Amino acid sequence: MIRFEDIQEKVETYMKGADLDLLRKAYVFSAKEHKGQTRSSGEPYLTHPLSVAFILADLKLDLTCIVAGLLHDVLEDTLTTREAVEEHFGKDIAHVVEGLTKISRITFNSKEQQQAESFRKMMLAMVDDIRVVLVKLADRLHNMRTLEHLSPRQQERIARETLDIYAPIANRLGMAKIKNELEDLALKFLDPGGYQGLMQAMEEKRKITDEFIKEIQGTLRAELEKAGIACDFYGRRKHLYSIYRKIKRQRIEVGEVYDYIAFRILTSSVKDCYGALGIIHGLWRPVPGRIKDFIAMPKPNMYQSLHTSVISDKGVPFEVQIRTHEMHRVAEEGIAAHWKYKEGKGARDGDANVQWLRQIMEWQQELKDPREFLNMVKVDLYPEEVYCFTPQGQVKSFPRGASPIDFAYSVHTEVGHRCVGARINGKLQPLRTELKNGDIVEILTSPNHHPSQDWLTTAKTPRARAKIRQWLNVDRRNRSVDLGKTVSDREFKKYRFNLRKHQGDGTRLLAVLHELGCASVDDFYAAVGYGKIAPRALIQKLDPQARVHETAEGPIAHAVKKALGMSGRKVTVRGLDDALISLARCCNPIRGEPIVGYITRGRGVTVHSERCPNLEKLLYDPERRIEVAWESDDASRFEVRITVFSEDRPGMLAKITSVIAEAKSNIKNVEARTFEDRRGEISLILDIADLKHLELILEKVKGIDGVYHVERQVA
């Protein structure tokens with residue numbers, strides 16, 4: 001059990017002149033507030049904040065973090081207020097404790113939308129003050145160490161949450177020591193059988209590996225001393241979760257894992273790192289493709305090291321990591337190793353992780369859909385880096401699957417917008433090409449080129465996707481404004497309504513536009529172009545006496561409807577009584593089947609069937625989805641194409657057309673062809689009333705002797 005004196009002694013070892021009175025005051029305050037409370041294990045609740053504070057002290061963090069660790073649960077689990085914490089300990093500590101309280105109220109076992117929104121809030125709390133995430137990781141680590149006292153259901157939920165969210169965050173912040181322990185503890189509760197089996201297998205190999213480690217260590221130490229390279233040398237076994245993941249990924253048995261042994265060499269200089277690498281490759285044969293230089297090309301989380309895998313004289317493969325002492329400190333502690341809290345300033349502004357947290361803030365401002373935000377952050381939480389070069393030799397890192405589009409946007413937003421292709425390693429390649437390690441990429445641009453919707457499926461980095469979406473939204477709005485002007489002018493002429501006259505009275509016009517949810521005339525035109533507002537809504541508010549001065553549809557109106565692909569009104573839009581509506585040609589929805597409205601650039605509201613294969617791609621922006629419903633008193637007909645697969649024999653076509661006629665459907669077109677294996681394929685375009693009518697026809701045609709299959713065709 002951790003005592004307060006243990007924390008105090010730990011702080012004194014690295015923080016000279018620390019305010020120990022403040023630390024003791026926080027301990028007494030926490031003990032008083034948590035008095036009488038116990039944990040699920042039956043221990044006094046105070047053991048938890050003491051343990052959290054000790055973990056933070058072990059990371060050599062500043063006093064604000066450690067005090068916040070002692071107080072992190074007082075707002076949530078006691079009657080203490082934020083004001084009381086601020087009064088006793090100051091604004092900084094109160095701010096961190098409040099941020100931790102907000103995160104503690106978040107659970108991740110809810111529906112996708114709620115989970116994504118919760119994740120957004122948690123990440124923003126971390127961005128606001130990075131000490132929040134440092135204390136939260138220490139809190140989660142101690143909770144995982146004592147997880148056995150909770151119910152199996154709670155164990156599984158918390159372990160899954162740890163593996164999916166907190167371990168990747170620790171990894172992204174470069175805190176390998178905490179990340180490894182969180183992963184191993186999560187595995188223990190998510191797959192108890194696999195964990196115990198792996199533990200047992202590793203224990204059986206321990207004696208063999210201990211002898212092997214001593215042998216390799218002796219050989220290496222002697223050779224490095226001969227070369228005059230001073231170093232510290234460690235032999236270790238990989239942590240359980242990394243072995244477990246390899247077994248699952250490669251579908252192998254525990255006995256087939258040979259590279260579970262790793263050695264770490266810590267030198268005093270970068271020069272000695274490369275010297276040691278040369279000596280190792282001179283002693284043992286390196287494994288091709290397994291040499292990685294993270295010193296020249298650091299990972300985004302600041303990790304630097306040389307990695308190589310070699311085969312020993314006995315045929316046993318093992319990994320060697322070579323780094324300086326400073327690199328090792330950063331690799332183990334990540335952003336905590338860089339934390340210098342002096343004169344009100346936190347981690348250095350140049351630190352990669354501080355920049356990453358700021359990037360998160362930018363994403364959340366640009367992306368309104370929490371699910372999209374969650375997906376973007378996950379790209380960075382689960383990185384498998386690919387390192388590429390500009391023609392000038394600058395190194396850029398990307399997630400696996402990244403394309404030249406991602407590379408272009410990493411150079412500059414305008415380069416991304418105008419890219420038309422790429423020269424990869426001197427050869428012209430299309431934008432969909434997947435980048436590989438070591439590629440030298442030169443982006444080709446054109447001043448007249450611009451992003452397309454398809455780029456969103458090719459781009460993998462959050463920055464590229466955000467910039468593409470931003471451009472598409474602006475372009476879509478501009479086109480909608482143009483369409484809205486065309487449609488509105490037609491409607492204004494129909495009512496002999498003069499908008500310019502009302503623009504003279506700007507106050508009245510602006511008030512009416514605000515009533516319609518628009519900030520300006522251009523906003524109104526854009527809403528008309530999207531199909532959200534009918535021009536008549538503005539006319540009725542500004543000139544209630546206006547009446548239609550056309551008795552029949554004029555040539556302009558006819559041309560607009562034809563251009564929009566609009567037919568007779570079959571669908572109503574919730575909340576809008578005169579929206580521009582068209583039925584999607586990709587899925588050809590018919591009355592009776594579930595439908596979804598989608599605000600489409602230049603077409604108002606486009607109605608899709610819920611089974612439309614294009615719908616998922618279209619609805620990347622949930623704000624453009626709108627509720628629609630079939631009109632109940634509409635008697636219009638629908639054209640539907642069906643294909644009949646049958647035997648090729650006399651009278652088959654006659655039987656099919658006869659059954660369709662009996663079902664009271666008109667055949668508007670028919671095409672038939674036969675094949676050498678005595679099969680026939682008949683394609684028909686039918687005039688039907690609704691979904692039930694179509695289902696009746698399909699059922700009757702299926703019942704004809706010699707018909708194999710009947711299906712409705714879309715797109």
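How many salt bridges does a search of the whole structure find? The search finds 26, where a salt bridge is a side-chain nitrogen of Lys or Arg within 4 Å of a carboxyl oxygen of Asp or Glu.

Hello everyone, and a word on ground rules before we go on. This is a predicted model, so local features need pLDDT of at least 70 and side-chain atom pairs count only at pLDDT 80 or more, while totals for chains, interfaces and linings use all residues. Residues are numbered from 1 along each chain as its sequence is written, and side-chain values use heavy atoms, with hydrogens and water left out.

Now the overall picture. The protein chain has 29 helices and 21 strands; these are DSSP runs, numbered from the N terminus, with helices being H or I of at least four residues and strands E of at least two. Of its 715 residues, 49% count as buried. Buried here means under 20% relative accessible area, exposed means over 50%, and partly exposed is in between, with a 1.4 Å probe and protein chains only. Take the contacts in the chain between residues at least 6 apart in sequence: 67% of them join residues at least 24 apart. Contact, by the way, means heavy atoms within 4.5 Å.

Lysine 10 and aspartate 58 meet through their side chains at 3.2 Å, N to O. Lysine 10 sits in helix α1 (residues 4–14) and aspartate 58 in helix α3 (residues 47–58), so this pair ties together parts that are 48 residues apart in sequence. Lysine 10 is partly exposed at 25% relative accessibility, and aspartate 58 is partly exposed too, at 30%.

Glutamate 161 and arginine 157 form a salt bridge at 3.6 Å, N to O. Both belong to helix α10 (residues 152–172) and are four residues apart, about one turn of the helix. Is glutamate 161 buried or exposed? With 6% relative accessibility, glutamate 161 is buried, whereas arginine 157 is partly exposed at 29%.

For the third, look at aspartate 705 and arginine 649, whose side chains meet at 3.2 Å, N to O, in a salt bridge. Aspartate 705 is in the loop between α29 (691–702) and β21 (707–713), and arginine 649 is in the loop between β18 (638–647) and α28 (652–662), so the pair ties together parts that are 56 residues apart in sequence. Aspartate 705 is exposed, at 56% relative accessible area, while arginine 649 counts as partly exposed at 28%. There is also a network: Arg3, Glu5 and Asp6 are joined by salt bridges that share partners.

Let's turn to the nonpolar side of things. A nonpolar core is a set of buried Ala, Val, Leu, Ile, Met, Phe, Trp, Tyr and Cys residues joined through side-chain atoms within 4.5 Å. The largest one has 95 residues, and those with the most contacts inside it include Ile7, Phe263 and Phe318. Helix α12 (residues 192–226) gives this core its largest share, nine residues. Leaving aside neighbours within four places in sequence, isoleucine 7 is in contact with residues including Leu23, Leu50, Phe54 and Leu70. A second, separate core has 34 residues, among them Ile581, Phe638, Ile656 and Val710.

Helix α15 (residues 325–333) is worth a look as well. Its buried residues are Met327, His328, Val330, Ala331 and Glu333. They pack against α11 (176–190), β2 (261–267), α14 (270–283) and β6 (317–324).

One last region, and then it's over to you. What share of helix α24 (residues 521–530) is buried? Eight of its ten residues are, so α24 is largely enclosed by the rest of the structure. The buried ones include Phe524, Tyr525, Val528 and Tyr530. Just after α24, glycine 531 takes a positive phi of about 90°. Glycine 531 is 68 residues from isoleucine 599 in sequence, yet their C-alpha atoms are 6.7 Å apart in space. Isoleucine 599 belongs to strand β14 (residues 595–600) and is buried, with a relative accessible area of 2%.
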